[in-house]
Number of protein chains: 2
Amino acid sequence: MSEWFGTLDGLWGEAWSQIGEGVRDAKHPARLVSFSTVSKDQRPQSRTVVLRRTDPEEAVCEVHTDIESTKIAEIEEHPLAALLWWLPHCDLQVRMLAEVSILSGDTVNSEWEKVPVSSRISYGTEPAPGLPIEAALAYTKPAVRERFCVLRCCIEQIDLTYLGQHHRRAEFTRLRDWKGQWLSP
Amino acid sequence: MSEWFGTLDGLWGEAWSQIGEGVRDAKHPARLVSFSTVSKDQRPQSRTVVLRRTDPEEAVCEVHTDIESTKIAEIEEHPLAALLWWLPHCDLQVRMLAEVSILSGDTVNSEWEKVPVSSRISYGTEPAPGLPIEAALAYTKPAVRERFCVLRCCIEQIDLTYLGQHHRRAEFTRLRDWKGQWLSP
């Protein structure tokens, strides 16, 4: 068995390789990720976000958001997120559990500089995202540097499921130094 | 403005129409949905599931699962789920919050009868899904009628975001009898 899904190392490598492609290629299926948090009233909350950076060595993923978005309040209360990708071209589901840090201000100057000017209006919508408005377009989108933040997701656990002909599932945890364990799929 | 995203009713109709297509057409982007729960230790948990039924009148969605899967224990403790779709062909994100009932046994006889024989092995894996195993393929997949269950998701809240040229976002809640409200996107 020399296929990537035949070994724990192979699965691990393929997962990070795929999501790395999502950062580099805007058209790649790993570009968008389901990002789930728990609200103050203990409700699950999910939304789609754009994957901005991955670091397989440190097991870190990053996304960008508006500091006034409701997920920030959720993360401040409860700094855990579940990240989920389904990658149909390689029959791979990637699930990650992360501790999330909110980085803003001068710390993220270099990231802000790299945001294309036309995309900076994603940070600063008035009224703040999720607030009721009188009509569909009764909002403005100025680019507000102070509203930009980076969610640094320090991955604690990864669950990979290959759904090809014979299903294979494995779990990797930071606690066990990313030593993989096969699971029943 | 006669586009579907121009009105609250139009957005509502398009969302239910799209996810209905996901039930009918196995190749439709709404076929798979990110299904998020909260674990006993208050962690967000997400996985991809297949959408099996929708009922726009009752605002209900259904998925099928193995009653021994870990999400069942999570739902028994905390019967809420977040459902998330990103539908790139119409620039629409659909977020739903649902109260989940676990239906099994004779109640779901008719659903079980409709599961193709070749798919019934999705219910009954030994050891149970998520348990550690010695090797990648050290499991069996018998079809076990008693392990099949339906997760009936009674939708309480729907958040729709159209991400075309001018973003539009609206929220609908059962509590307000699904009367829509525009939100800042």
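Biologist: What share of the contacts in chain A between residues at least 6 apart in sequence joins residues at least 24 apart?

Modeller: A contact means heavy atoms within 4.5 Å. Among such contacts in chain A between residues at least 6 apart in sequence, 58% join residues at least 24 apart. This is a predicted model, in which local features need pLDDT of at least 70 and side-chain atom pairs count only at pLDDT 80 or more, while totals for chains, interfaces and linings use all residues. Residues are numbered from 1 along each chain as its sequence is written, chains are lettered from A and ligands numbered from 1 in the order in which they are written, and side-chain values use heavy atoms, with hydrogens and water left out.

Biologist: Which elements make up chain A, from the N terminus on?

Modeller: Helices (H or I, at least four residues) and strands (E, at least two) are DSSP runs, numbered from the N terminus. By that definition chain A holds three helices and eight strands, in the order α-β-β-β-α-β-β-α-β-β-β.

Biologist: Why is chain A called as compact as a globular protein of that length?

Modeller: The globule rule is 2.2 Å times the number of residues to the power 0.38, and the radius of gyration is taken over C-alpha atoms. For 185 residues the rule gives 16 Å, and the radius of gyration of chain A is 18 Å, which is close to it, so the chain is as compact as a globular protein of that length. The C-alpha trace spans about 60 × 35 × 30 Å along its principal axes.

Biologist: Which strand is joined to β6(A) by 12 bridges?

Modeller: Two strands pair if DSSP finds at least two bridges between them. Strand β5 (residues 92-103) of chain A is joined to β6(A) by 12 bridges and runs antiparallel to it; here A:Met96 stands opposite A:Ile158. Strand β3 (residues 60-66) of chain A is also antiparallel to β6(A), with seven bridges, and A:Glu62 stands opposite A:Arg152.
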